[in-house]
Amino acid sequence: MEKRKLDTKRAMRMPWGTVLAVACVTIFVLLQFWGVSREPAGSEDKGPNGVWAVVSLVFLVYLYRGRPLARQWARAFAVFGALAFAFVAYALFELGVRTGLAMLIPMLSIVCMIAIFFGLGTRASRRFFDLYCEACPSYRVRARDLMFRRIQCKECKREWQYGQGGIDVSAFD
Ligand SMILES: [Zn+2]
């Protein structure tokens, strides 16, 4: 119950850049499910693609809940995705496709990827994901574990846990 309350509060103070980025990720997740639903029942790809769709949905939930690890992966994915769609657009251009829906989809996807990258890169977004030291104050922080649950300020070495708004956790060690 306490956790749910925290998440609602968190979602309400989501900055617009983050809202935009999360909306773009949501579109991609929905497209994945749409793609899977369109595949014929006997298709070999249906299983693996279904798994990927579910994985992307879980990822979206973590992003929505402000997990720093999800933010990091989303930005990496956006860079990779923008390059991949740029390659697709270039290939289409070379094939003589200059206009129409075939060209619009990769172009919109690139815009979406750029929105994800920069939308999650703002200072407000960093605060949303608890990547901000309130004591200094500083945005120079690093992960203290592999899952990015614990965050440390590079300036004052203070540590806190994600989702706790910069509450010091070193006292609980
Ligand atoms: Zn600090």
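The model is predicted: local features are given only at pLDDT of at least 70 and side-chain atom pairs only at pLDDT 80 or more, whereas totals for chains, interfaces and linings use all residues. Residues are numbered from 1 along each chain as its sequence is written.

The chain contains six helices and three strands, where helices (H or I, at least four residues) and strands (E, at least two) are DSSP runs numbered from the N terminus. Along the sequence, these elements follow the pattern α-α-α-α-α-α-β-β-β. Of the 173 residues in the chain, 20% are buried; a residue is buried if 20 or more other C-beta atoms, placed from the backbone, lie within 10 Å of its own. Among contacts with a separation of 6 or more, 52% link residues 24 or more positions apart, a contact being two C-beta atoms, placed from the backbone, within 7 Å.

The buried residues in H4 include Pro-68, Ala-70, Arg-71, Ala-74, Ala-78 and Gly-81. The buried residues of H4 pack against helices H2 (16–38), H3 (46–64) and H5 (101–119), and against strand S2 (150–153). Just after H4, Gly-96 adopts a positive phi of about 95°.

Two helix pairs can be described in detail. The axes of H2 and H3 come within 9 Å and cross at roughly 160°; axes are lines fitted to C-alpha atoms, for helices over the stretch in contact, and angles run from 0 to 180 degrees between N-to-C directions. H2 and H3 are therefore roughly antiparallel to each other, the term for angles over 145 degrees. Their crossing is left-handed, meaning that the near helix is turned anticlockwise from the far one by less than a right angle. H2 contributes residues including Val-22, Val-25, Phe-28, Val-29 and Phe-33 to the contact, and H3 contributes residues including Trp-52, Ala-53, Leu-57 and Leu-60. The contact residues divide into twelve nonpolar, six polar and one charged; Ala, Val, Leu, Ile, Met, Phe, Trp, Tyr, Cys and Pro count as nonpolar, Asp, Glu, Lys and Arg as charged, and the others, Gly among them, as polar.

The axes of H3 and H4 come within 8 Å and cross at roughly 120°. H3 passes H4 in a left-handed crossing. Phe-59, Tyr-62 and Leu-63 of H3 meet Ala-70, Arg-71, Trp-73 and Ala-74 of H4. This contact comprises six nonpolar residues, no polar ones and one charged.

Between helix H6 (123–128) and strand S1 (141–143) lies Pro-137, which is joined to Cys-136 by a cis peptide bond with omega of about -10°. Asp-130 lies in the loop between H6 and S1, and its phi is near 60°, a positive value in a residue other than glycine. Asp-130 counts as buried because it has 24 C-beta neighbours inside 10 Å. In the loop between S1 and S2, Phe-148 likewise has a positive phi, near 60°. With 20 C-beta neighbours inside 10 Å, Phe-148 also counts as buried.

Notes:
A residue is buried if 20 or more other C-beta atoms lie within 10 Å of its own, exposed if 12 or fewer, and partly exposed in between; C-beta atoms are placed from the backbone. Angles under 35 degrees count as roughly parallel, over 145 as roughly antiparallel, 65 to 115 as roughly perpendicular and the rest as oblique.
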